[in-house]
Amino acid sequence: METAKRSGHQSANLNIDEMIGSEEEDRPFSYSGLSVGNALFSGMRLYFGSLPATIWMWSRIARLPPNTRVVPCVNTNFTVTIGAELEDESLGPVYGQNAISHPVKPGLDTKAGGDEPMESRIKSIFYVSQHGDRMHRPFKPYSEALRAVQEADTVIYSMGSVFTSLVPSLVLRGMGDAVQGTKRKVLLLNATNDRETSWMEPDGKGGSRRQE
């Protein structure tokens, strides 16, 4: 039995109430605007206690084609997030994906905040531990993800946030070398620059390009 499926079956008898700590009960949380898909996926992740098992179950529910594989680059039961070093050190570092890509600003919702150019260019991306400490040395990616990239003929970078969606996978130890060794690489560009790349041209060089 494949690892993800086995993990899912082994976790099926876990009580979800035991996995959500009582310390969370007093923390206010608004479900306004919550994506049903995100809620279902997060619930399954808590229930199974395994990200690969959750992805396997989600693939069954969504009826993904049998030859489609979804593999996480990070597979851990510890909470990790990312941070960004900025060229203007007086403004950083910035901790948390939302704080980087969709900050909450007075009078703006998170989507509108994501359209506002950053006050300084991003210099580097790093991981942050569950204790809020910067991890100075990237950890290894999930072995299945690393193997998939090493065996791939083509690596396609999807549309999305370059620094908060794509780069976090590439800075993992050994992933950059795996990508470099693939035969072909394709980058699918976004229709417009976002908050993170308001200064960047398609060739990766800096410029003064502005959103129209």
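Which element supplies the largest share of the lining of the largest pocket? Helix α8 does, with 6 residues. This is a predicted model, in which local features need pLDDT of at least 70 and side-chain atom pairs count only at pLDDT 80 or more, while totals for chains, interfaces and linings use all residues. Residues are numbered from 1 along each chain as its sequence is written, and side-chain values use heavy atoms, with hydrogens and water left out.

**The largest pocket**

The largest pocket has a volume of about 980 Å³. Of its 29 lining residues, the closest to the centre are Val71, Cys73, Ser165, Leu166 and Ser169. Five elements each supply at least two lining residues: β1, α7, β5, α8 (162–170) and α9. Helices (H or I, at least four residues) and strands (E, at least two) are DSSP runs, numbered from the N terminus.

By class, the lining has 20 nonpolar, 8 polar and 1 charged residues. Here Ala, Val, Leu, Ile, Met, Phe, Trp, Tyr, Cys and Pro count as nonpolar, Asp, Glu, Lys and Arg as charged, and the others, Gly among them, as polar.

The pocket search runs on a 1 Å grid over the protein atoms alone. A pocket is an open set of points with protein on both sides within 12 Å along at least five of seven lines, where a 1.4 Å probe fits. Lining residues have an atom within 4 Å of a point. Points are joined across faces, edges and corners, and the volume is the space filled by probe spheres set on them.

**Salt bridges**

The structure holds 6 salt bridges (a side-chain nitrogen of Lys or Arg within 4 Å of a carboxyl oxygen of Asp or Glu). The table gives three of them.

| Arg69 | Glu144 | 3.4 Å |

What does the bridge between Arg69 and Glu144 tie together? Arg69 lies in the loop between α4 (51–61) and β1 (81–86), and Glu144 lies in helix α7 (residues 143–151), so the pair joins parts that are 75 residues apart in sequence. Arg69 is exposed, at 57% relative accessibility. Glu144 is partly exposed, at 28%. Buried means under 20% relative accessible area, exposed over 50%, and partly exposed in between (1.4 Å probe, protein chains only). Arg69 and Glu144 also belong to a salt-bridge network with Arg147.

Arg134 is partly exposed at 29% relative accessibility, whereas Glu85 is buried at 17%.

Lys183 is exposed, with a relative accessible area of 64%. Asp153 is partly exposed, at 42%.

**A nonpolar surface patch**

Ile156, Met159, Val186 and Leu188 form a nonpolar patch on the surface, with about 370 Å² of accessible area together. Patch members have over 30% relative accessible area and no salt bridge; like charges are joined within 9 Å, and nonpolar side chains (Val, Leu, Ile, Met, Phe, Trp, Tyr) within 5 Å. Areas come from the Shrake-Rupley method with a 1.4 Å probe, and for residues only the protein chains shown count as cover. Ile156 lies in strand β5 and is exposed, at 55%.

**Backbone and contacts**

Arg63 lies in the loop between α4 and β1. Its phi is near 55 degrees, a positive value in a residue other than glycine. Most residues other than glycine have a negative phi. Arg63 is exposed, with a relative accessible area of 75%.

Tyr142 lies in the loop between β4 and α7 and is buried, at 18% relative accessibility. Tyr142 and Leu172 are 30 residues apart in sequence, and their C-alpha atoms are 9.4 Å apart.

Gln97 lies in helix α5 (residues 97–101) and is partly exposed, at 36%.
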